[in-house]
Amino acid sequence: MTLIKRLAACGMAAALAVLGGGATPAVAGAPHVVDLGVPLQDVLLVGGVVAPGPGGRTVLWGASSGAPAHLNALDPVTGAEVARYDLPGAGGSWAVDAAPDGSVYVGTYGDTTPGGRLYRWTDQGGVQDLGKPVASETFVWSVAAGEGATVYGGTSPGGRLFSYDPATGVRDYGRLSPAHSYVRSVSYAGGKIYAGTEAPAAVFEIDAATGATRQLPVPEGLDPADKWAYDVNAAGGYLYVRYGGASPGPLRVWDIAAGRWTGALESVHGLDVSPPDADGAVYLVRSGELVRYDPRTGAVTGTGMPFTGRVANTRGIGWAELGLPDYPGRSVVGLLWRGLMFRYNPQTGAKSFVQTAVKGEPIDVTALAQGPDGRMYAGGFLNGGFAALDPRTGQREEFHTFSQSEDMVAHDGRLYVGAYPDARVYAYDPALPWNSTEYSPSPEPGQAPNPARLFDLAADKQIRPRALVSAGRYLAAGTMPDLGHLGGVLAVWDPRTGTLKHAERNVVQDQSIVSLAYRDGVLYGGTSIYSGQSATPPTQPEAKLFAWSVKEDRLLWEIVPAPGKPAVPALAFDGRGRLWGIAGGEVFAVSTAARKVVERVTLSGSKSAGGQLAYNERDRKLYGAHAGQDLFSLDPRTGRHTVLRQGPVQHLAVHGSGDVYFAEGPRLFRLTR
């Protein structure tokens, strides 16, 4: 999601220290495990607001993701940290707003406890954990201040709206629409709550006192089928609704008093518009530039302040008096996702970006692979980025500004990376300088993009390229679809021609492709009954294994390898040519010639959709991660398996040296025999 770059290139770090703390106990007699520490650490700000902070001074409030997440107050003059508060039990927040009574509310998603919590900051009492306002909900997407100390919030997966008042507690307005699972955006004005949903995008007006609800008409000429009402902001008597997603999209303006749509802008960035100036105009980012928009006339005035990169969404935008020579009176200020602060003065035209002092947080590892240069690469969750570790020297290189990695694989001298969202696939050449033109605020002029974006499958409603594999001269990718859709895509990319040889959705009907293996011209794929978004209900009862001819672009066969299991998340060939897979608490071997399962090893009764499996040519064993419970080895010749380490191992990869690398949350470990 995100990405304004703090550094155009990433510096080499010192050798990774062997750190303790938080380690999961090894099993007696297990191989040696070395804790390599946290390979990725960075800032991710999503929710924010400009409002009074400690002592009443205006600050930039921003919630940073972490374990736990933090609420940060930053000085708009210097960028220094004014205050930093723990949000225990929260992993991050899209939802931050300031109430008229001076309190600040934060709605969160989960970390170590069930998500969907609400927090309140006051100058006198600091941060108070108010718990889960709606017991069934795991994510508070948006909060909006009402009158006094009241706040309104929208949730998922139940698509509910709630309010909280310190004097009266929580009011659950219930589910807004039986057709929607997300109340993605919320705002408030004049006794009315305005709430936007996922696709098909709908905007509701709710009477805060009575709960009476009506849906606003769809703007003329706008198709809501594949759009979210992603951002809803009430300001100065107008409602600003941005349709689409995290990328720039159409913004429509609703005149609240007149009860009709009156304005339209294209290519508008989120997540907020500023409060109105003295003339009723607001500031927002459009087509990579901060602009002033007057809703009465529709006039758009540029400022010349650029916002480059794929993710140039404001994390709170408002007004502050800076007292600086070039910034007289009030200036527009705000935050960007990596902790960069922007400032613009309407009187003088002064503009600047300042890196704030908000602290970085460890980033969970989402993908591991050996690169073509022999280094181990680790991709990061949400904050994105990835790190390269040299196994011989321990030296680490970090690439901070990149998207969330779903999978990685080395192929023909490149590291291929599958990125969320839009099921994008990139090629990174380790021999060339890093130059992310898509994510850097100021990429090096004249240099070719590296990683280079090859293709995406957004047009096929795909969101996660969960499986990548080197397939002879080709690269193959398997994907998971976006919310409200089922059926992944199998894509075959030809690096020589720079084109897709083939891309086909629903190779297995209504199932995602979450694992791939290749041998002798045939791709083998493991599926999942789930979409790339958990709120989409599956239609199929169990996962499948299929074979696909790369030459003929056709399905050869499919079987159910593990009855009743929802996913086959990993596949690997052993040294004798048997194909192994993991499904829940079961590991199975398949004879591809006979097209049937020939051996099963039961680890537990789990039906988890997660799991990892890789073959180690050095000791001729399989290594796997079982349902987030433990790390194990399995001898494919005897079927005997050994638990090597208990703990939440989610990702692993075998290096050519025979060492096994695995991740537990943000920490990376190396197992040696």
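Reader: Are Phe-399 and Tyr-428 buried or exposed?
Author: In this predicted model, both Phe-399 and Tyr-428 are buried, where buried stands for under 20% relative accessible area, exposed for over 50% and partly exposed for anything in between, with a 1.4 Å probe and protein chains only. Residues are numbered from 1 along each chain as its sequence is written. Because the model is predicted, local features need pLDDT of at least 70 and side-chain atom pairs pLDDT 80 or more, while totals for chains, interfaces and linings use all residues, and side-chain values use heavy atoms, without hydrogens and water.

Reader: How many aromatic pairs does the structure hold?
Author: There are 33 aromatic pairs in the structure. Phe-399 and Tyr-428 form an edge-to-face pair, because their ring centres are 5.5 Å apart and their planes stand at 65 degrees. Rings of Phe, Tyr and Trp (its six-membered ring) pair with centres within 6.5 Å, and planes under 30 degrees apart are stacked, over 60 edge-to-face and the rest tilted.

Reader: Which strands hold Phe-399 and Tyr-428?
Author: Phe-399 belongs to strand β35 (residues 396-399) and Tyr-428 to strand β38 (residues 424-428), so the pair ties together parts that are 29 residues apart in sequence. Strands (E, at least two residues) are DSSP runs, numbered from the N terminus.

Reader: OK, and what about Phe-402 and Tyr-426?
Author: Phe-402 and Tyr-426 are also an aromatic pair of the edge-to-face kind, at 4.9 Å centre to centre and 75 degrees between the planes. Since Phe-402 sits in the loop between β35 and β36 (404-411) and Tyr-426 in strand β38, this pair ties together parts that are 24 residues apart in sequence. Phe-402 counts as buried at 1% relative accessibility, and Tyr-426 is buried with a relative accessible area of 1%.

Reader: Which residues form one aromatic cluster?
Author: One cluster is made of Trp-94, Tyr-109, Phe-139, Trp-141, Tyr-182, Trp-228 and Tyr-230.

Reader: Switching to pockets, what volume does the second largest pocket have?
Author: Its volume is about 940 Å³.

Reader: How does the lining of the second largest pocket divide by class?
Author: The lining of the second largest pocket has 27 nonpolar, 14 polar and five charged residues (Ala, Val, Leu, Ile, Met, Phe, Trp, Tyr, Cys and Pro are nonpolar, Asp, Glu, Lys and Arg charged, and the others, Gly among them, polar).

Reader: And how many cavities of 30 Å³ or more turn up?
Author: Searching the whole structure gives five, and the largest cavity has a volume of about 50 Å³. On a 1 Å grid over the protein atoms alone, a 1.4 Å probe fits in a cavity but cannot get out, whereas a pocket is an open set with protein on both sides within 12 Å along at least five of seven lines, and lining residues have an atom within 4 Å of a point. Points are joined across faces, edges and corners, and a volume is the space filled by probe spheres set on them.

Reader: What lines the largest cavity?
Author: Its lining includes Ala-201, Gln-215, Tyr-243 and Trp-261, and by class it has eleven nonpolar residues, one polar and no charged.

Reader: Last one: why is strand β52 described as largely enclosed?
Author: Six of the six residues of β52 (residues 611-616) are buried, so the strand is largely enclosed by the rest of the structure. Gly-611, Leu-613 and Tyr-615 point one way from β52, while Gln-612, Ala-614 and Asn-616 point the other way.

Technical notes. Helices (H or I, at least four residues) and strands (E, at least two) are DSSP runs, numbered from the N terminus.
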